[in-house]
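Here's a quick briefing to read alongside the sequence and the 3D view. Take a look at the fold before you go on.

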Amino acid sequence: LIRLLAPLLIDRDINNDRQIYYELLNTTGYWSLQGAAQHAISAVEIAIWDCKAQLAGVPLYRLLGYEGEAPRLKLYGSGGDSSTPEAMSVEFEAIKQLNIDNFKIRARKNDVNKARWCLRQGVNDGIQIAIDMTQNLAIPSQSIEDVLEFLDSIENTEHISFIEEAFGPDSIEYFPRLCQETDVPVAGGEIVTTFRELRSRIEANYYDIVQPDATVIGGIQPIIDLFD
């Protein structure tokens with residue numbers, strides 16, 4: 001992919017970044033605006049921003065208009081793939097060592113016991129738990145009834161900071177209803193590959209927390225556009 005795109009990049013004026021970006025889209029767009037093609041374009045777009053910041057002699061956050069120190073962002077730990085309490089305890093200890101108080105685990109509809117254990121451990125350690133149901137590209141997706149039953153089966157749902165990617169691509173229309181039927185914040189959007197699609201989902205109230213991914217959606221500029 002990069003060899004395909006390279007002729008559009010060599011000896012180009014970095015200040016024509018938008019023109020270069022649209023040429024990249026035209027080169028791959030006839031066969032894909034998703035998957036690996038969009039990931040490659042995202043990588044190039046992010047690299048162009050990095051080049052512009054280096055040429056200007058400033059950190060990228062300052063090129064984007066932030067003054068003083070870089071903005072401070074609240075982080076969460078992403079893991080929770082372990083399948084035993086002993087292994088999960090190691091992950092919790094790592095989270096505590098980093099002074100992070102929000103830990104995202106992976107749990108599908110059949111992992112109620114795992115989610116319960118993690119929530120109890122989180123209460124003991126002063127750590128909130130987010131739950132990634134890992135349905136991003138799952139076909140068939142779990143149903144909205146599956147998700148609501150999963151949440152009903154868990155104790156201490158007030159300690160769930162958010163539930164993420166609850167449905168696969170064949171069931172995304174369930175997101176607005178899920179937002180209405182649970183008090184747990186609903187998160188998603190990391191696999192959406194175009195600005196227009198994610199904007200339309202935001203306008204249709206698909207999520208309480210929107211998670212655009214710069215390496216998927218086309219780079220940094222689409223993220224800035226979504227913020228705006």
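Two strands pair if DSSP finds at least two bridges between them. Helices (H or I, at least four residues) and strands (E, at least two) are DSSP runs, numbered from the N terminus. This is a predicted model, where local features need pLDDT of at least 70, side-chain atom pairs count only at pLDDT 80 or more, and totals for chains, interfaces and linings use all residues. Residues are numbered from 1 along each chain as its sequence is written, and side-chain values use heavy atoms, leaving out hydrogens and water.

**Strand E4 and its partners**
- On one pairing, E4 runs parallel to E3 (residues 128-132) over three bridges, and Ile129 sits opposite Ile160 in E4.
- E4 also pairs in parallel with E5 (residues 186-188) through two bridges, and here Glu164 stands opposite Ala187 in E5.

**Crossovers**
- From E4, the chain goes through helix H8 (residues 175-181) to E5 in a right-handed β-α-β crossover. Right-handed here means that, with the strands pointing away from the viewer, the path from the first strand over the helix to the second runs clockwise.
- E3, helix H7 (residues 144-152) and E4 form a right-handed β-α-β unit too.

**Helices H9 and H10**
- The axes (lines fitted to C-alpha atoms over the stretch in contact, with angles from 0 to 180 degrees between N-to-C directions) of H9 (residues 195-203) and H10 (residues 220-227) come within 10 Å and cross at roughly 25°.
- That makes H9 roughly parallel to H10 (angles under 35 degrees).
- Phe195, Leu198, Arg199 and Ile202 in H9 are in contact (heavy atoms within 4.5 Å) with Pro222, Asp225 and Leu226 in H10.

Methods. Parallel < 35°, antiparallel > 145°, perpendicular 65-115°, else oblique.
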